[in-house]
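Notebook open, model loaded. I went through a few spots one at a time and wrote down what I found.

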Amino acid sequence: MELITLKSPREQDAMRRAGRITAQARALAGSMVRPGITTREIDDAVRKFIRGQGAQPSFLGYGGFSGSACISVNEVVIHGIPSPKVVLKEGDIVSIDVGAVIDGFHGDCAATYPCGAISEEAQRLIDVTRQSFWEGYEKAAPGNRVSDISHAVQVYVEKHGYSVVRDFVGHGVGTKLHEAPEVPNFGPAGHGARLQPGMAIAVEPMVCAGNWQVKVLRDGWTTVTKDGSLAAHYENTILITEDGPEITTVTEDGAYA
């Protein structure tokens with residue numbers, strides 16, 4: 001079993017630096033979402049921005065992934081590959097997941113953005129997904145267990161008539177993009193690792209308007225809802241501190257997405 005690493009004060013500062021760059025890249029990408037733009041154009045801007053900050057995109061080349069961001073449209077839940085052939089259109093919802101590494105530490109965050117005017121139902125899905133993260137965040141306190149976060153996310157999502165993906169989960173973050181512990185978005189409270197100051201985790205609800213079952217397409221990355229329903233994604237990297245949870249993926253002006 002992989003050990004959970006606790007970050008020293010110096011390492012926590014490095015996590016904050018990586019998180020700030022990552023959050024700024026997410027904000028940039030979100031600001032570019034509009035009808036007529038390609039997902040490749042957004043990805044190019046993310047890569048240039050991250051490198052311009054002295055960091056590197058965490059996702060580029062990760063397991064052979066060809067983009068600097070995962071850009072997932074409508075029924076694509078996660079891991080959408082940026083492409084000049086994917087042109088955004090009015091009414092789409094666009095999930096953008098970015099990571100950046102600097103001084104050996106990673107930040108990881110995601111959000112779902114409307115493309116032009118979207119349906120009320122699509123906006124509700126985005127809003128519930130985002131709020132489910134905050135429900136989990138409230139449980140990310142020292143002494144609680146990982147599944148206290150998981151349970152809070154699931155209860156909120158299902159109360160609003162949606163479902164949470166089971167096949168993919170949140171995770172620890174640090175010198176590796178994915179570390180222990182796994183952080184599911186479902187399950188009973190009171191299980192899993194006990195949260196301790198110095199832990200860093202990515203909490204990332206992946207929410208489907210229909211059934212939670214997903215499938216990975218033949219490219220080995222693109223993950224879609226099996227029933228073709230819309231999906232949304234929201235993620236931040238959280239440091240567990242003595243005083244409670246602290247989000248590292250926040251921009252200089254205090255925005256999360």
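I started with arginine 16, which lies in helix α1 (residues 9-32). Helices here are DSSP runs of H or I with at least four residues, strands are E runs of at least two, and both are numbered from the N terminus. This is a predicted model, so I note that local features need pLDDT of at least 70, side-chain atom pairs count only at pLDDT 80 or more, and totals for chains, interfaces and linings use all residues. Residues are numbered from 1 along each chain as its sequence is written, and side-chain values use heavy atoms, with hydrogens and water left out.

Leaving aside neighbours within four places in sequence, arginine 16 is in contact (heavy atoms within 4.5 Å) with Leu239, Glu246 and Thr248. I also checked aspartate 227, 211 residues apart from arginine 16 along the chain: the two C-alpha atoms are separated by 38 Å.

I checked the length of α4 (residues 146-159). Its 14 residues should span 20 Å at 1.5 Å a residue, and the end C-alpha atoms are 21 Å apart, which agrees; the expected span is 1.5 Å times one less than the number of residues. 10 of the 14 residues of α4 are buried, so the rest of the structure largely encloses this helix. Among the buried ones I listed Val146, Ile149, Val153 and Val157. What covers them includes α3 (120-137), β6, β8, β9 (200-203) and β10 (206-208). Just after α4, glycine 161 takes a positive phi of about 85°.

For α3, the 18 residues should span 26 Å, and its end C-alpha atoms are 26 Å apart, which agrees. Its buried residues include Leu125, Phe133, Trp134 and Tyr137.

Next entry: serine 163.

Serine 163 lies in strand β6 (residues 163-164) and counts as buried, because its relative accessibility is 9%. Which backbone oxygen lies 2.6 Å from a polar atom of its side chain? I found that of glycine 210. Beyond four places in sequence, serine 163 is in contact with residues including Val157, Met206, Cys208 and Trp212.

Histidine 171 is in strand β7 and, at 5% relative accessibility, is buried. Its side chain makes a polar contact with the side chain of aspartate 108 (3.1 Å). Other contacts of histidine 171 include His178, Glu204 and Glu235.

The largest pocket is lined by 21 residues, and His79, Val169, His171, His178 and Glu204 lie nearest its centre. β7 (170-172) and β8 (179-183) are the elements that give two or more residues to this lining. On a 1 Å grid over the protein atoms alone, a pocket is an open set of points where a 1.4 Å probe fits, with protein on both sides within 12 Å along at least five of seven lines; lining residues have an atom within 4 Å of a point.

Definitions and conventions
Buried < 20%, exposed > 50% of the residue type's maximum accessible area, 1.4 Å probe, protein only. Polar contact = N/O pair within 3.5 Å; in protein donor to acceptor, adjacent residues only side chain to side chain.
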